[in-house]
Amino acid sequence: MRTANLCEMADLDQPPTSPETSRNLVLRHLPQAAFDRVVEAAEWVHLASKECVWESERPIQQVFFPETGVVSLVTLVDMGSIEAITIGNDGFVGLPVFHGPGSTVTRAGCQMPGTAWRLTTDSFRQVCDEVVELRQALDRYSQFVIETISQSAACNRVHVIEERCARWLLMSHDRVGSDEIPLTQEFLAQMLGVRRPGVTVAIGILERAGLIGHARGRIYVMDRPALERASCECYRAIKSREKILNVPNRTLVEA
């Protein structure tokens, strides 16, 4: 049984006008004034599939708060690249800028097309200087990223491909806001750090069970509850840590 398509409930191409209407978990819990300051400095953009966000070891010129798009940070190795983390409406693309260095060994590229708030590096730093609530939110998000990467590393070590594939599809489903996920098996294999035949087998197992469907360049979530049951516990562990982000930000008041 196919789940409801979130795109039928809201126009996800329209920029949010308040924290309550934002799908981005970092922005959602900002006070209205802080949210307004961020979007005043930002530009509403559409991210294209495979669009380069930044190159490895190059100065980062722009940062992003995704609303529906998904960006992958990958580590380059001799045999190609392996996903470090994917970032969608659960976060922020630009932590190296927030923490100071302004560059990183990872390469960032748009994995799934969508929408985002984009700020230049200089504008972002200025907003951070002015908005304490944003700094507080990004401190918590940094902790969430550390824990997510740690969980994913453990997952890649101990769980079978179909469980990992189910986890990855669930996280993508959460981020894109649609049952239709633009994704090739080749790209999924790259993200999971496995060979293409392994992903083909995993997709086949999930499809025969009626959990997903797939066509050229598309995967469809058909039975979300069953897909959650097919995933390893890492999906639930990562989702439970989102509570770090779900804390209203308040300006610190001196006693």
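Predicted model: local features only at pLDDT ≥ 70, side-chain atom pairs only at ≥ 80, totals over all residues.
Residues are numbered from 1 along each chain as its sequence is written, and side-chain values use heavy atoms, without hydrogens and water. Local features need pLDDT of at least 70 and side-chain atom pairs pLDDT 80 or more, whereas totals for chains, interfaces and linings use all residues.

View 1. S72 lies in β4 (residues 70-77), strands being DSSP runs of E with at least two residues and helices runs of H or I with at least four, numbered from the N terminus. With a relative accessible area of 4%, S72 is buried (under 20%, with exposed over 50% and partly exposed in between, for a 1.4 Å probe and protein chains only). Leaving aside neighbours within four places in sequence, the residues in contact with S72 (heavy atoms within 4.5 Å) include E83, R107, Q111 and M191.

**View 2. Strand β3 and its pairing with β7.** Because 4 of the 5 residues of β3 (residues 62-66) are buried, this strand is largely enclosed by the rest of the structure. Antiparallel to β3 runs β7 (residues 114-120), and 5 bridges join them (two strands pair if DSSP finds at least two bridges between them). The bridge partner of V63 in β7 is L119.

**View 3. Lining of the largest cavity.** Among the residues that line the largest cavity are I85, D90, Y141, M171 and I238. The elements giving two or more residues to this lining are β5 (80-87), α5 (132-158) and α6 (161-176). A cavity is a set of points on a 1 Å grid over the protein atoms alone where a 1.4 Å probe fits but cannot get out, and lining residues have an atom within 4 Å of a point.

Methods:
1 Å grid on protein atoms, 1.4 Å probe; cavity = no way out; pocket = protein on both sides within 12 Å on 5 of 7 lines; lining within 4 Å.
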